[in-house]
Number of protein chains: 2
Amino acid sequence: MAKEASKILDKSTEEKIKSAARLLFQQKGFAATRTRDIAHESGINLALLNYYFRSKEKLFELIMMEALTGFFAVLKSIINDPNSSFEDKLYLLVDTYITRLLINEDIPMFILSEIRSNPKALLKVINAERLMIDSVFIHQLQKQIEAGVYKPIHPNHFLMNFMGLTVFPFIAKPMILHLGDGNETEFRKQLEERKRLIPIWIKALLNT
Amino acid sequence: MAKEASKILDKSTEEKIKSAARLLFQQKGFAATRTRDIAHESGINLALLNYYFRSKEKLFELIMMEALTGFFAVLKSIINDPNSSFEDKLYLLVDTYITRLLINEDIPMFILSEIRSNPKALLKVINAERLMIDSVFIHQLQKQIEAGVYKPIHPNHFLMNFMGLTVFPFIAKPMILHLGDGNETEFRKQLEERKRLIPIWIKALLNT
DNA sequence: AATACTTTTAATCATTTGATTAAAATATAT
DNA sequence: ATATATTTTAATCAAATGATTAAAAGTATT
């Protein structure tokens with residue numbers, strides 16, 4: 001096989017394009033991103049984008065699919081682990097997601113705003129229907145409620161509370177900074193604090 | 001003056017365009033909205049859009065400004081009312097915003113995603129710098145904390161928790177429906193429930 | 001009714017934008 | 001070294017898109 005060297009180069013340009021596309025799609029969304037900007041950002045010729053990925057749409061689908069599978073793979077593995085307790089999962093989910101989102105702050109807005117533009121296409125592809133409500137995590141919560149450890153709560157409320165507390169700050173960051181004291185370093189420090197605080201708060205909600 | 005009759009017509013077409021623009025901009029965002037779609041949606045000739053509003057940008061700025069001022073006017077009047085207690089404000093904010101957002105579900109995603117594209121331009125225009133942190137609402141919270149009614153919490157955490165619990169469900173609706181039981185009627189009923197529940201939960205957080 | 005002003009329309013423009021093509025450059029195989 | 005295959009480039013295309021224009025239609029004023 002004489003493709004080793006070229007395959008490496010292939011992958012290198014392909015990956016350059018993907019990285020630039022990831023950056024721009026996540027920052028500006030599909031509609032506001034120009035293929036020329038992706039080409040420029042990755043330092044390649046515009047035609048190479050179509051050579052490697054056929055079209056802007058195809059490239060976008062690839063980037064989005066990778067973002068979604070990355071997002072849900074971690075979620076699935078945590079919430080359906082039969083060997084960890086409800087509380088374990090709570091800590092692990094908050095810690096894992098805040099850590100990941102501090103590295104890539106744009107992911108939540110990217111996923112949620114593009115899902116809003118095209119909910120069926122994007123959500124049907126990933127195999128996540130009733131993912132939460134049928135999970136070990138939620139079953140464990142319901143067991144705890146039945147056992148009297150926590151007060152009754154509808155799983156949907158729990159889900160909204162949990163995601164709201166964890167994910168919302170990343171979505172609303174510019175507004176929160178503006179309405180608050182506007183210190184970004186402080187903001188990131190507070191997000192680190194929330195790894196510890198959110199599980200405590202969630203448990204407080206569950207006792208109310 | 002001979003403009004009365006025509007003024008009414010003016011306003012009617014102007015308003016038709018604005019309504020269509022509001023609908024499409026809020027649903028699809030600035031970049032994905034075509035002026036032709038606005039024209040078609042409002043049943044007017046494409047040229048009238050420019051006749052009345054000069055450009056797509058200008059029309060967008062108008063729509064966005066009205067959305068922002070509507071959003072913040074209510075907020076300001078509630079959080080700086082010296083005659084209501086902290087708890088009063090809590091109930092009123094949650095109730096007012098959930099009621100409004102149930103009528104126009106797209107507003108939060110619209111505002112937050114467009115602010116993300118252009119934070120300085122959009123946030124500087126509205127006079128809301130440190131709006132929350134310098135409000136009577138937050139001052140009252142701090143008094144209550146000093147008085148030992150609530151446990152200490154950083155105002156930013158409070159703000160993120162409060163907004164997260166209230167606003168996040170509207171932003172993540174398609175995903176929440178997909179991860180949960182997918183019943184939209186049920187979802188709306190749960191949002192109604194949250195008017196009562198969020199203040200209770202917030203107070204639970206503040207006691208933890 | 002005649003005139004002036006405002007609103008609306010159809011046609012068209014200029015740019016932007018996603019995509020393609022044919023040739024050049026580079027790498028691989030014989 | 002030559003031939004073949006792959007990758008890259010510059011030039012160009014066609015459609016989409018925001019905007020303009022000049023004429024038509026409608027309304028108000030005298």
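Student: Is R54(B) buried or exposed?

Tutor: R54(B) counts as exposed, because it has 10 C-beta neighbours inside 10 Å. The cut-offs are these: a residue is buried if 20 or more other C-beta atoms lie within 10 Å of its own, exposed if 12 or fewer, and partly exposed in between, with C-beta atoms placed from the backbone. Before we go on, this is a predicted model, where local features need pLDDT of at least 70, side-chain atom pairs count only at pLDDT 80 or more, and totals for chains, interfaces and linings use all residues. Residues are numbered from 1 along each chain as its sequence is written, while chains are lettered from A and ligands numbered from 1 in the order in which they are written.

Student: Thanks. Where does R54(B) lie?

Tutor: R54(B) is in the loop between α3 (46-53) and α4 (56-79) of chain B. Helices here are DSSP runs (H or I, at least four residues), as are strands (E, at least two), and they are numbered from the N terminus. The backbone of R54(B) is worth a look too: its phi is positive, about 70 degrees, although R54(B) is not a glycine. Most residues other than glycine have a negative phi.

Student: And what is phi near in R130(A)?

Tutor: Phi of R130(A) is near 55 degrees, again a positive value in a residue other than glycine. R130(A) sits in the loop between α7 and α8 of chain A. With 13 other C-beta atoms within 10 Å, R130(A) is partly exposed.

Student: M132(A) is in that loop as well. Buried or exposed?

Tutor: M132(A) counts as buried, because it has 22 C-beta neighbours inside 10 Å. Leaving aside neighbours within four places in sequence, M132(A) is in contact with I138(A) and L159(A) in its own chain, and with L179(B) and G180(B) across in chain B. Contact here means that the C-beta atoms of two residues, placed from the backbone, lie within 7 Å.

Student: Let's zoom out. How many helices and strands are there in chain A?

Tutor: Chain A has 11 helices and zero strands. Its C-alpha trace spans about 65 × 45 × 30 Å along the principal axes. Of the 208 residues in chain A, 36% are buried. Among its contacts between residues at least 6 apart in sequence, 67% join residues at least 24 apart.

Student: What rotation superposes chain A on chain B?

Tutor: A rotation of 180 degrees with 0.0 Å of shift along its axis does that, with an RMSD of 0.0 Å. That is the relation of a two-fold axis. The superposition is by least squares on the C-alpha atoms of residues with pLDDT of at least 70 in both copies. In chain A, G164(A) comes closest to the rotation axis, at 2.2 Å (C-alpha).

Student: How many residues of chain A are in contact with chain B?

Tutor: 47 residues of chain A are in contact with 47 residues of chain B. The largest share of chain A's side, 13 residues, comes from α9(A). By class, that side divides into 30 nonpolar, 12 polar and five charged residues. The classes are as follows: Ala, Val, Leu, Ile, Met, Phe, Trp, Tyr, Cys and Pro count as nonpolar, Asp, Glu, Lys and Arg as charged, and the others, Gly among them, as polar. 100% of the interface residues of chain A are also interface residues in chain B, so the copies meet through the same surface.

Student: What does F168(A) touch?

Tutor: Not counting residues up to four places away in sequence, F168(A) touches M160(B), M163(B), G164(B), V167(B) and F168(B).

Student: And P174(B), what is it in contact with?

Tutor: Setting aside neighbours within four places in sequence, P174(B) is in contact with I115(A), R116(A), P119(A) and L123(A). P174(B) lies in helix α10 (residues 173-179) of chain B.

Student: Last one: at what angle do α6 and α9 of chain B pack?

Tutor: Helix α6 (residues 107-117) and helix α9 (residues 155-171) of chain B pack at about 95 degrees, with their axes 8 Å apart. They are therefore roughly perpendicular to each other, a label for angles of 65 to 115 degrees, where under 35 is roughly parallel, over 145 roughly antiparallel and the rest oblique. The axes are lines fitted to C-alpha atoms, for helices over the stretch in contact, and angles run from 0 to 180 degrees between N-to-C directions. P108(B), M109(B) and L112(B) in α6(B) meet V167(B), F170(B) and I171(B) in α9(B).
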